[in-house]
Amino acid sequence: MNLSGIDSALSNLRKLTEEFSQSLPFKGLWETIRHLSAPNFTWPELRIGNLVARIPIVQGGMGVGISLSGLAAAVAEAGGIGVIAANGIGLLEKDYYQDGRAANLRALRKEIRKAREKTEGVIGVNIMVALDDFHQLLDVTIEEKADIVFMGAGLPIKDLPVAKMRESGIKVAPIVSSARATDMIFRMWKKIYQDVPDAVVFEGPMAGGHLGFTEEQLEDPNFQLEHLVPQIVDALVPYEKEFGRSIPVIAGGGVYTGEDIHAVLSLGASAVQMATRFVATDECDADQKFKQAYVDCTKEQIGIIKSPVGMPGRAIRNEFIIDAENGKRPTFKCAWQCLASCKADDANYCISIALNNARRGNINHGFVFVGANAYRVNSIVPVASLMNELGEGYRVAARETIGQRLAGMVAKIQELLREQEGLGARVKEIALAYEKALTSHIRDLGRVPLEQLRLQYEAVLATLSDLQFQIAEAIADSWALVTQQRNMVKAV
Ligand SMILES: Cc1cc2nc3c(=O)[nH]c(=O)nc-3n(C[C@H](O)[C@H](O)[C@H](O)COP(=O)(O)O)c2cc1C
């Protein structure tokens, strides 16, 4: 359907509404509706409790210095949620190899403060549960009053400072890869803390970086967003009821265009998480060569690696990776056991060092994590332009989808109106027959089925009135479709 689809459906709906409501008893309908105009189909906002982002896009945290205050502040300023990733953040500090833990905490504090200076938008922090200094990083995040903390790479269940988080007002969103994990986290939170998280991020198999799936699951339709987002939304319903608040699902992994965003929101998600698109922005905190690797890579170069942390990851498979797979082992010094599960002695390389090299532009001594769609990136743009492009794509998709649904509803109303016309004619017919019967009845008592005609008349009248209510309902539903879109909207 072209762009005029929604306009013609709306103008038909307007005409039908006016005509129908002129007939008794629905005059009021037109009076209520006549002031409504065509919707803009701009972004619905993302609400997580009292936290509101104007645009339903969360920039996925990208560790080891890819998403710091520069990118996070730009995304937040544009209306989305900007996220600073805490893992490996201390590699930006001079003393990381002397005291990695202290360097991490200091760097995170600095980056949250820098982001806060740049924007009043929504700033989050991504912390991997598997990190050895997870709890300390979380403390810094709470102290520095980030708006929301995303916790992935492990189940955020045990020993969480939930009371402290509630006091500070920080929102919590676990990152999950199944409805089962979602339910387990929520069930355990309820049991331990008599509370539940505020939102859930579902990271699908097309994402970049470490993935919460086996290699076989990555291509399996049962693990894709289309399949799992509705399941996760459903899994949260009992908790939403019990705790009396809505728990939005934020879904990501391979989301590339505004049209994709519309499709994911149509699955029941309240927002998307995107990372790959944000790497190719001026404000991304990585070196230009890292960003250029996104522009230059081909689909064939993107593949799966076995990361030393024991999970698959998606990356541009360069020589460094192939050498490592063939057993080549660059000499490296493990600064400290930053990941509880990492077996540095068995690993062919240190993933933090490799990622940090790539972040600094020394790509041959490391590698570049990417989402499955990174090969589609063809330029590096400002965050604001990317957001505008996504907004336009979303608008086009929303217009098209709502236009199609509205056209279908209008066709149904037209069918009901035709039925009404038929029934109206039938009412007149019976009334005429009744009149005739009445006169002949007066002349010839007892021969004409007067009573039968009266019953028929009443039955058709009742059907007609039912039908009119159905039409009124269908018209109201159609307008609700239009107005809901308007109400959800803030601005692009
Ligand atoms: C370069 C890069 C680094 C990433 N690092 C992390 C990370 O440190 N922690 C994390 O939870 N997710 C990480 N991710 C995953 C993203 O946050 C995001 O959920 C995912 O990439 C979304 O898919 P997309 O890239 O197709 O938009 C990373 C992704 C990329 C591309």
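User: Hi! Before we look around, what makes a residue buried or exposed here?
Analyst: Hello! A residue is buried if 20 or more other C-beta atoms lie within 10 Å of its own, and exposed if 12 or fewer do. Please keep in mind that this is a predicted model.

User: Okay, so is Val-64 buried or exposed?
Analyst: Val-64 has 26 other C-beta atoms within 10 Å, so Val-64 is buried. Its place is the loop between β3 (57-59) and α3 (69-77).

User: And what is the phi of Val-64?
Analyst: Phi of Val-64 is near 50°, which is a positive value in a residue other than glycine.

User: Is Gln-194 buried or exposed?
Analyst: Gln-194 is exposed, because 9 other C-beta atoms lie within 10 Å.

User: Let's zoom out. How is the chain split into domains?
Analyst: The domain assignment gives domain 1 as 4-38 + 407-488 and domain 2 as 46-302 + 367-381. The C-alpha centres of domain 1 and domain 2 lie 52 Å apart.

User: How many residues does the largest nonpolar core have?
Analyst: That core has 141 residues, and Val-200 and Ile-250 have the most contacts inside it. Helix α14 (residues 383-443) supplies the largest share of this core, 12 residues. At least three residues of the core come from each of domain 1 and domain 2.

User: Which residues does Val-200 touch?
Analyst: Leaving aside residues up to four places away in sequence, Val-200 touches several, including Ala-173, Pro-174, Ile-232, Leu-236, Val-249 and Ile-250.

User: Which strands pair with β10?
Analyst: Strand β8 (residues 200-203) runs parallel to β10, and four bridges join them.

User: How does the chain cross from β10 to β11?
Analyst: The chain crosses through helix α9 (residues 258-266), and this β-α-β crossover is right-handed.

User: Switching topic: what is the strand order in the antiparallel open sheet?
Analyst: Three strands form that sheet, in the order β9-β13-β12. β9 (209-210) and β12 (302-306) are the edge strands, each pairing on one side only.

User: How many bridges join β9 to β13?
Analyst: Two bridges join β9 to strand β13 (residues 312-316), and the two strands run antiparallel. In this sheet, His-210 stands opposite Gly-313 in β13.

User: Last one: what average pLDDT does the chain have, and where does pLDDT stay under 50?
Analyst: The protein chain averages a pLDDT of 90, and 92% of the residues score at least 70. Over residues 486-492 pLDDT stays under 50, and the model has 15 contacts beyond four places in sequence for that stretch.

Definitions and conventions: Residues numbered from 1 in each chain as written. Predicted model: local features only at pLDDT ≥ 70, side-chain atom pairs only at ≥ 80, totals over all residues. Domains from an automatic or database assignment. Pairing = 2+ DSSP bridges. Right-handed = clockwise from strand over helix to strand, strands pointing away. Core = buried A, V, L, I, M, F, W, Y, C linked by C-beta atoms within 7 Å. Contact = placed C-beta atoms within 7 Å. pLDDT = per-residue confidence, 0-100.
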